[in-house]
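Student: I have a new structure open and I'd like to learn how to read it. Could you walk me through some features, one at a time?

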Amino acid sequence: MKHINTAYQPIEWRGGRVIILDQTRLPHEEVYLELDDYRDVCAAIKELKIRGAPAIGIAGAYAVALGALKIDSKTADDFLKKLQSVIDAVGATRPTARNLFFALERMKKASATKKNISDIKKALVDEALKIHEEEAESTRRISRFGAELIKDGFTILTHCNTGPLATSGSGTALGIIIAAYREGKRIKVLADETRPLLQGARLTTWELQKAGVPVTLITDNMAGSFMRRGKVDCVITGADRITANGDTANKIGTYSVAVLAKAHKIPFYIAAPVSTIDPSLKTGDAIPIEERKAEEVTHIQGVPIAPEGVSAANPAFDVTPHKYITAIITEKGIIRAPYGAGIKGIV
Ligand code: MRU
C-alpha cells in the first residue's frame, strides 16, 4: 500500500507495520511504503529503498519484529527456531554495515529474555523501538559534538548521504553540518554526487535544501580540483563499519576523497555511532564489501550509458585506512589517533 506525503519520516513502526519513505523515488516523489511482511522489509533494504548504515540497522530490527509477530508456533523452542530463520534472512540483505548485525544481535538477545511466545513477541517489538530511539539519540549527540569542529565560514565537502534519511535520527556527517548551520555558522557544503546510485545528488542535496543549508552539487571527480584551489576547509563523511584500528568502510569513493584531503592537508572526519564499530575485526581488510549489480554502473536511473554487454565492477564500499582519518566523531566523544586505544575505550 502506498500514499504520497509531504512529511518526512524515513522509518516508523506504526500499528504493527513498518512505514518507510522510499529513497529510490527521491527527490522527485515522497512515497511512503507500508510493509507488514518482513520479507518486504528485506527487499526494501536490498533495493536501497531504506539505506544508510544506522537506518539499515533500525529497519532490520523492525523486520525481525514483524517476522516474529507472524510466527505461528505451539512451543517456544519451535518459535525460536523460526525466529532464527527470520534473523538469518534479514542478515543476508546487505553485508557491509555493522549496524545491521549490531541490531540483529540485540534482537536475538531480547528473544532470550522471556519464556512464553507472546512475551517474546512483545520483547522483540519493544527492543526494535528501543534500538530506533537509541540510534536517533546517538545521532543527536554526534551532531552536537561534531558541530564544535566546524568553524564559521567553513566549506565542507561530504560524500554519499548521511542525513536523517540514512539514520532515522539527526544524521551523522550531515547531522553535524546541519547542527553547525543551526548554531548560526555561515557554512557551505560541497556534495559529491556519489556514483553509481547518486545518493549525494538525489538525497544529500534534497536534505540540505530542506534544512536551508547552502549546498553546491559536484561530480565525484571534481573534489580534487576544489581542494587544490583552496575551496574546501574540511571533509566529513559517515561510515558503514569501523574496525578496531580505526580503518573505516564507507560508500565507494570515500577513500579517494580521504587521500586527496591528506594531500591537501585538509582535515578528514568520520562521523558514526558506536553501533558502526566492529571491534572483532582488527583491520579494514577484514570488512566484507558488498558487490552490487553491474547494471547500477552501466545504467543511470534505468537508462543505459555504456555499450550493451560491457562488463562493469560495482563494489559498493571502500576502506579508508585510519592514517587518513583526522578524527572519528561518535556519540561518546571524538576519537583521535592512536585509534586502537580510543576505540577500545568507548566500545
Ligand atoms: O549504500 P548506502 O547508500 O547504504 O551507503 C550509505 C553510506 O555509505 C553512508 O555514507 C553510510 O552508511 C553512513 S550513514 C550515516
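Tutor: Let's start with a pair of strands: S5 (residues 155–158) and S8 run parallel and are joined by two bridges. Keep in mind that this is a predicted model.

Student: How do I read the side chains of S8? Which residues point which way?

Tutor: Sort them by direction. In strand S8 (residues 234–237), Cys234 and Ile236 point one way, while Val235 and Thr237 point the other way. All of these are buried.

Student: Is valine 235 buried or exposed, and why?

Tutor: Use the cut-off: buried means under 20% relative accessible area. Valine 235 has 0% relative accessibility, so valine 235 counts as buried.

Student: What does S4 pair with, and in which sense?

Tutor: Strand S3 (residues 17–21) pairs with S4 over four bridges, in the antiparallel sense. Opposite leucine 33 in S4 you'll find isoleucine 20.

Student: How far apart in space are valine 235 and tyrosine 32?

Tutor: From C-alpha to C-alpha, the distance is 32 Å, and 203 residues separate the two in sequence.

Student: How do I read a whole sheet? What is the strand order in the open sheet of four strands?

Tutor: Write down the order, then check the ends. Here the order is S12-S9-S10-S15, and the pairing is mixed.

Student: Next, aromatic rings. How many aromatic pairs does the structure hold?

Tutor: Three. To read a pair, take the distance between ring centres and then the angle between planes; planes over 60 degrees apart count as edge-to-face. The centres of tyrosine 8 and tryptophan 206 are 4.8 Å apart and the planes stand at 65 degrees, so this pair is edge-to-face.

Student: Where in the chain do tyrosine 8 and tryptophan 206 sit?

Tutor: Tyrosine 8 is in the loop between strand S1 (2–4) and strand S2 (11–14), and tryptophan 206 is in helix H8 (residues 199–211). The pair links distant parts of the chain, 198 residues apart. Tyrosine 8 is partly exposed at 27% relative accessibility, whereas tryptophan 206 is buried at 8%.

Student: What about tyrosine 255 and tyrosine 324? What kind of pair do they form?

Tutor: An edge-to-face pair, 6.0 Å centre to centre with 75 degrees between the planes. Tyrosine 255 belongs to helix H10 (residues 254–263), and tyrosine 324 lies in the loop between strand S15 (317–320) and strand S16 (327–330). Tyrosine 255 is partly exposed, at 34%, while tyrosine 324 is buried, at 16%.

Student: Which charged residue sits over the ring of phenylalanine 226?

Tutor: The charged end of arginine 229 does, 4.7 Å from the ring centre. In another case, lysine 251 lies over the face of phenylalanine 317, at 4.5 Å from the ring centre.

Student: Finally, the ligand. Which of the 18 residues around it come nearest?

Tutor: Arg51, Arg94, Gln199, Asp240 and Lys251 do. A ligand oxygen is 2.9 Å from an N or O atom in the side chain of aspartate 240, and one is 3.1 Å from an N or O atom in the side chain of asparagine 250. Alanine 53 has a polar backbone atom 2.9 Å from an oxygen of the ligand.

Student: How much of the ligand does the protein bury?

Tutor: Taken alone, the ligand exposes 410 Å², and the protein buries 100% of that.

Definitions and conventions
Residues numbered from 1 in each chain as written. Predicted model: local features only at pLDDT ≥ 70, side-chain atom pairs only at ≥ 80, totals over all residues. Heavy atoms only, no water. Phe/Tyr/Trp six-rings, centres within 6.5 Å; stacked < 30°, edge-to-face > 60°. Buried < 20%, exposed > 50% of the residue type's maximum accessible area, 1.4 Å probe, protein only. Lys NZ or Arg CZ within 6 Å of the ring centre and 35° of its normal. Pairing = 2+ DSSP bridges. Near = heavy atom within 4 Å. Polar contact = N/O pair within 3.5 Å; in protein donor to acceptor, adjacent residues only side chain to side chain. Areas by Shrake-Rupley, 256 points an atom, 1.4 Å probe, with all protein chains shown as cover.
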